[in-house]
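This report concerns strand pairing and salt bridges in the structure shown below. Please consult the sequence and the model together while reading.

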Amino acid sequence: YPEYLVRYHVGSRVKSRSPYESKIEAGKSKRWRSSSSFELDVSTSNPQPSTATHTARKGFWEYLSESGWVAYDATNQTLIEKTFQDVKTTATSPSIVAIKGPVWDYEVDVAKMLQTNVQHPSSKQRKIRYT
């Protein structure tokens with residue numbers, strides 16, 4: 001499940017940030033299942049990203065969460081890949097792209113391979129990769 005739904009698993013639950021009592025309850029919610037997901041489950045043996053994401057390359061972009069590597073949604077995949085291709089072909093292209101998650105806004109730097117939460121007070125950074 002997306003990290004923002006189960007933040008309370010390490011400590012006490014904050015109802016304003018995590019409206020569900022458990023992962024099972026969150027999984028039963030039609031509200032989250034029917035919405036477009038920021039995070040895709042990549043724990044399956046053969047994850048399939050959107051075919052619209054890439055034309056030349058067959059992999060996908062992921063960030064490192066507390067629970068392991070997580071793929072970005074199709075919209076953010078496209079934005080990150082376009083930035084990466086621009087940097088690869090033009091040395092003067094900016095290597096940072098702004099993306100939106102369901103709760104936070106991020107900057108992804110494809111040169112440094114880092115994602116930065118631009119809204120969080122700590123400016124939390126996470127590693128990213130292309131697989």
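## Strand 2 and its partners

In this predicted model, strand 2 is linked to strand 3 by a hairpin of two residues. The two strands, with strand 3 spanning residues 68-72, pair in the antiparallel sense over four bridges. Within this pairing, E62 has A71 of strand 3 as its bridge partner.

Strand 2 also runs antiparallel to strand 7 (residues 125-130), to which three bridges join it. Here Y63 is partnered by I128 of strand 7. Strand 2, covering residues 61-65, is mostly covered, with four of its five residues buried.

The structure holds four salt bridges. One of them is formed by R129 and E62, whose closest N and O atoms are 2.6 Å apart. Because R129 belongs to strand 7 and E62 to strand 2, this pair ties together parts that are 67 residues apart in sequence.

E62 has a relative accessible area of 3% and is therefore buried, the cut-off being under 20%. R129, at 30% relative accessibility, is partly exposed.

## Further salt bridges

D86 and K82 form a salt bridge with an N to O distance of 3.0 Å. Both residues lie in helix 3 (residues 74-89), four residues apart, which is about one turn of the helix. D86 is partly exposed at 29% relative accessibility, whereas K82 is exposed, with a relative accessible area of 51%.

K100 and D105 also form a salt bridge, their closest N and O atoms being 3.3 Å apart. K100 counts as exposed at 56% relative accessibility, while D105, with a relative accessible area of 22%, is partly exposed.

Technical notes
Residues numbered from 1 in each chain as written. Predicted model: local features only at pLDDT ≥ 70, side-chain atom pairs only at ≥ 80, totals over all residues. Heavy atoms only, no water. Buried < 20%, exposed > 50% of the residue type's maximum accessible area, 1.4 Å probe, protein only. Pairing = 2+ DSSP bridges. Salt bridge = Lys/Arg side-chain N within 4 Å of Asp/Glu carboxyl O.
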